[in-house]
Amino acid sequence: RFLDRLQHVRVLDPACGSGNFLYVALLRLKDLEKEAILFGNDNGLGSFLPMVGPSQLYGIEINSYAHDLAQMTVWIGWLQWIRVNGFGFPADPILRPLSENIRLMDAVLSAECGVANAECKEPDWPVVDFIVGNPPFLGDKIMRRELGDTYVDRLRTLYDGRIPGQSDLCCYWFEKARAHIAAGKCKRAGLLATQGIRGGANREVLKRIKESGDIYWAESNRPWILDGANVHVSMVAFDDRSETSRTLDGETVSTIHANLTAESNACSANSIIANVGIGFIGVTQKAPFDISQEEACSMLRECNPHSRPNSDVLVPIRNAMDLTQHTRNIWNIDFGLDMPLERAARYAAPFDRVEKTIRPLRINHREPRQAKYWWLFARPCPDMREALSGLNRFAATPRVSKHRIVAWLTHEVLCDSAVVAFARSDDLFFGILQSHFHEVWALRMGTRLETRPRYTPTTCFETFPFPTGVIPELRTLPPHLTAISAAAKELNEMRETWLTPPDWTRTEVMEFPGTVGGPWDRYIDPATVTDRGDFKIGTVRYPRLVPRDAECAARLKARTLTKLYNERPAWLAACHAKLDAAVAAAYGWPSDLTDEAILERLLSLNQERA
């Protein structure tokens with residue numbers, strides 16, 4: 001009975017490429033068959049012949065060359081196994097086509113979707129016992145570049161309501177496999193994905209899997225080294241809940257949550273309304289608006305036909321490396337949210353630079369808005385600008401970094417999409433974000449890029465339950481929160497002193513004209529303001545810390561936040577311990593909680609407030 005079942009097992013790889021997974025599946029089936037045959041022979045149960053063969057394997061592949069190669073791969077694997085295991089030679093070793101089994105087609109979008117006026121449908125997958133595979137790893141942004149807007153829009157529309165619009169391409173294979181199992185057309189599936197499957201929009205497909213079935217085996221973080229590429233993947237096996245055991249990262253567990261953990265189910269956390277509208281991902285240019293500080297200084301000194309200064313459209317910009325390593329001193333040409341072309345052109349030098357470098361890239365762009373408004377950022381973030389406009393400083397953290405570091409930035413600085421900006425300027429807020437409590441939550445709620453945690457405002461921040469009284473910002477702090485503010489201020493001051501020691505630096509003041517009420521308003525010397533009719537201009541005096549000399553500059557290069565937190569000296573550890581104790585007291589919790597206990601308590605608070 002076992003051999004009969006084994007010889008009728010059907011395995012599908014719906015993204016089979018050149019057949020690697022099918023090849024391995026065939027060899028494992030043949031090994032099982034051999035073990036059973038030898039057992040039967042040894043125990044007088046009769047003689048049996050090996051019957052497992054390529055006809056039991058099914059594949060889907062969109063590339064015609066890989067499709068042909070997959071058939072060859074499977075047959076060669078079968079012939080090699082027969083020979084190596086001493087079962088003789090097939091009478092007719094000529095390879096036979098497997099075109100009915102291994103199909104040349106799109107696995108997630110039917111051919112009709114490309115035909116005018118045709119109804120877009122999902123392609124049918126064959127009825128099988130098991131699904132295995134390594135679906136394509138294209139991320140949300142790369143999908144449009146690689147597959148084109150038309151294809152991606154059709155895909156998003158077809159799976160709307162099942163797969164969120166920001167999901168990676170591999171999620172569509174997970175959803176198809178889930179639906180196949182739910183329809184009784186498959187028993188089990190085991191697929192690979194990037195670690196991003198565990199969080200953000202991607203996690204929704206794993207939630208759907210757990211709704212209609214369950215995850216019974218997974219490896220949350222597995223190194224995947226191939227052809228010199230060293231990445232980290234997640235491996236997920238799921239079924240219709242028939243399997244009763246659960247194995248995660250080699251350990252037996254009671255359950256596997258949608259974020260591929262077995263502890264507190266942080267996937268059940270929801271957004272807290274009070275946190276919305278505070279954290280923002282920075283601007284996305286999608287074009288080279290960056291200029292060097294030297295070029296910016298040159299433009300700042302130039303005059304324009306409408307008498308307005310170029311400082312209206314020139315600001316420093318920061319990315320994640322600026323926060324964790326050294327400031328690159330890069331500026332941006334920023335014409336704001338919707339400045340008309342005619343008005344932008346009056347800022348002569350900045351506009352000339354943009355017209356020469358960006359217009360040729362944008363004029364025939366596939367996205368209509370970028371083609372039409374080629375002098376503006378692709379995503380200028382109006383909500384972030386409005387939220388930050390009244391602050392003299394704001395907190396910021398890298399979206400992807402080894403350490404969850406929070407730093408202060410001043411109001412004139414623009415953040416790019418590698419940075420999350422928070423519309424708060426108080427030490428209390430800074431301290432809680434920099435605490436271990438928030439770090440534990442962010443690590444569980446976020447995703448990873450290889451070994452580096454990824455932070456997103458929606459999943460990591462908007463779901464985070466602050467101690468009572470922190471949101472919204474308070475003018476007068478209650479006693480249970482003052483210790484956090486003091487500890488945070490001390491931590492920041494000591495870090496800044498270590499990064500830029502007073503003996504190694506000096507203050508250099510940049511001077512240039514600025515518009516009253518413009519981006520540089522806070523640095524304008526009131527004594528220099530002159531009336532130009534419908535606007536006023538004054539002298540901006542912008543202070544910056546610079547090395548005292550070349551020797552100090554060389555020393556300062558070795559001082560970065562990444563290096564500081566890698567080494568974590570005793571004074572830094574003491575500052576964080578003091579801060580964490582203050583945050584624990586604000587929650588009313590012990591200061592020696594384990595990470596899992598912290599997570600459980602934060603999750604409970606989230607459930608109360610969300």
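Where is the place of Pro472? The points below answer this and describe other features of the model, which is predicted.

1. **A cis peptide bond.** Pro472 is found in the loop between H17 and H18. The peptide bond that leads from Ile471 to Pro472 is cis, and its omega is near 0°.

2. **The largest nonpolar core.** The largest nonpolar core of the model comprises 52 residues, and Phe422, Phe466 and Ile484 are those with the most contacts inside it. At least two residues of this core come from each of strand E17 (419-422), helix H15 (427-433), helix H16 (436-445), helix H17 (457-461), helix H18 (479-499), helix H20 (561-567), helix H21 (570-587) and helix H22 (595-609). H21 supplies the largest share, with eight residues. As a general point, nonpolar side chains in soluble globular proteins tend to be buried together.

3. **The surroundings of Phe422.** If neighbours within four places in sequence are left aside, Phe422 is in contact with Ile278, Gly279, Leu388, Phe394, Ala395, Ala396, Thr397, Phe429, Leu433, Tyr455 and Phe461. Another core, of 50 residues, lies apart from the largest one; Val283, Ala296, Ile333 and Ile358 are among its members.

4. **An aromatic cluster.** Phe422 also belongs to a cluster linked by ring pairs, together with Phe429, Trp441, Tyr455, Phe461, Phe464 and Phe466.

5. The structure contains 25 aromatic pairs. One of them is stacked: the rings of Phe174 and Phe238 are 6.1 Å apart, centre to centre, with 25° between their planes. Because Phe174 lies in helix H6 (residues 170-182) and Phe238 in strand E7 (residues 229-239), this pair ties together parts that are 64 residues apart in sequence. Phe174 counts as buried because its relative accessibility is 0%, and Phe238 is likewise buried, at 1% relative accessible area. In contrast to this stacked pair, Trp374 and Trp375 form an edge-to-face pair, with 5.5 Å from centre to centre and 85° between the planes. Trp374 is buried at 6% relative accessibility, and Trp375 is buried with a relative accessible area of 6%.

6. **Helix H22.** This helix, with 15 residues, reaches 21 Å from its first C-alpha to its last, which is close to the 21 Å expected at 1.5 Å a residue. Its buried residues are Ala597, Ile598, Leu599, Leu602, Leu603, Leu605 and Asn606. The buried residues of H22 pack against H16 and H21. In general, an α-helix has 3.6 residues a turn, so residues three or four places apart point the same way.

7. **Positive phi values.** Lys286, a residue other than glycine, has a positive phi, near 55°. Lys286 is placed in the loop between strand E10 (279-281) and strand E11 (290-292). Cys381 is also a residue other than glycine with a positive phi, here near 60°. The loop that holds Cys381 runs between helix H13 (368-372) and helix H14 (382-388). Cys381 counts as buried because its relative accessibility is 7%, under the 20% cut-off.

Terms used
Residues are numbered from 1 along each chain as its sequence is written. This is a predicted model: local features need pLDDT of at least 70, side-chain atom pairs count only at pLDDT 80 or more; totals for chains, interfaces and linings use all residues. Side-chain values use heavy atoms; hydrogens and water are left out. A nonpolar core is a set of buried Ala, Val, Leu, Ile, Met, Phe, Trp, Tyr and Cys residues joined through side-chain atoms within 4.5 Å. Buried means under 20% relative accessible area, exposed over 50%, partly exposed in between (1.4 Å probe, protein chains only). Helices (H or I, at least four residues) and strands (E, at least two) are DSSP runs, numbered from the N terminus. Contact means heavy atoms within 4.5 Å. Rings of Phe, Tyr and Trp (its six-membered ring) pair if their centres lie within 6.5 Å; planes under 30 degrees apart count as stacked, over 60 as edge-to-face and the rest as tilted. The expected span of a helix is 1.5 Å times one less than its number of residues.
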